[in-house]
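Here's a quick look at strand pairing and charged contacts in this protein. Keep the structure open as you read.

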Amino acid sequence: MYQHTQTGMAIFAAMAMGLVVAVLVLFLVPVPPGEEAGRWIVAGTCAVLLLAAWFFCSLTITVRGGLLAWSFGPGVIRKSVPVAEIVQLEPTRTSILAGWGIHWTPRGWLYNVSGKEAVRIGLKSGRQFLLGTNEPERLIQAIRTAQGPRETS
């Protein structure tokens with residue numbers, strides 16, 4: 001079994017800074033009469049930033065029971081694939097332009113909270129994706145161990 005959680009401190013810090021600015025605007029900027037709707041917009045922005053920080057503050061990757069699984073923050077956003085479906089594992093690096101979070105890249109979906117290190121994973125179906133991790137070699141080894149011995153031709 002393998003389990004590793006990587007914390008996304010940069011994401012958390014950016015969300016926290018945005019939250020501080022929004023709260024300052026909410027309480028320090030005077031609102032003209034009849035323009036109270038603006039306060040609700042700022043309050044809504046605060047709520048979105050808090051939820052985003054909570055959801056994307058960490059990425060946990062697990063290899064257990066024949067599955068490679070990953071989830072963000074409290075586990076509301078999660079995915080998994082059977083290790084038997086994995087045919088390619090490659091340590092790789094993402095560019096600063098690839099960023100963090102969940103989004104499409106030319107090499108497939110990227111799931112990442114920090115840093116540039118990742119593992120590119122190819123499936124039997126031809127689909128591929130990238131999992132960000134600060135320990136790519138350990139993750140690759142855990143998946144290979146879970147897959148068991150491979151037949152060679």
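## Two hairpins

Let's start at the hairpin of strand 3 and strand 4: there are 4 residues between the strands, and glycine 73 has a positive phi near 45 degrees. Bear in mind that this is a predicted model. Strand 3 and strand 4 (residues 77–82) run antiparallel and are paired over 6 bridges. To find your place in this pairing, look for alanine 69, which sits opposite serine 80 in strand 4.

Strand 3 (residues 67–72) also pairs with strand 2 (residues 58–64), again antiparallel, with 6 bridges joining them. Leucine 59 has phenylalanine 72 in strand 3 as its bridge partner. Strand 2 and strand 3 make a hairpin too, with 2 residues between them, and here glycine 65 in the turn has a positive phi of about 60 degrees.

## Salt bridges

How many salt bridges are there? The count is 2.

One of them brings together the side chains of glutamate 90 and arginine 120, at 3.4 Å from N to O. This pair ties distant parts of the chain together: glutamate 90 belongs to strand 5 (residues 86–93) and arginine 120 to strand 8 (residues 117–123), 30 residues apart. Glutamate 90 is partly exposed, at 28% relative accessibility. Arginine 120 has a relative accessible area of 17%, so it counts as buried.

Another salt bridge joins the side chains of glutamate 135 and arginine 138, at 3.1 Å from N to O. Arginine 138 is exposed, at 52% relative accessibility, which is over the 50% mark.

How values were computed:
Residues are numbered from 1 along each chain as its sequence is written. This is a predicted model: local features need pLDDT of at least 70, side-chain atom pairs count only at pLDDT 80 or more; totals for chains, interfaces and linings use all residues. Side-chain values use heavy atoms; hydrogens and water are left out. A salt bridge is a side-chain nitrogen of Lys or Arg within 4 Å of a carboxyl oxygen of Asp or Glu. Buried means under 20% relative accessible area, exposed over 50%, partly exposed in between (1.4 Å probe, protein chains only). Two strands pair if DSSP finds at least two bridges between them.
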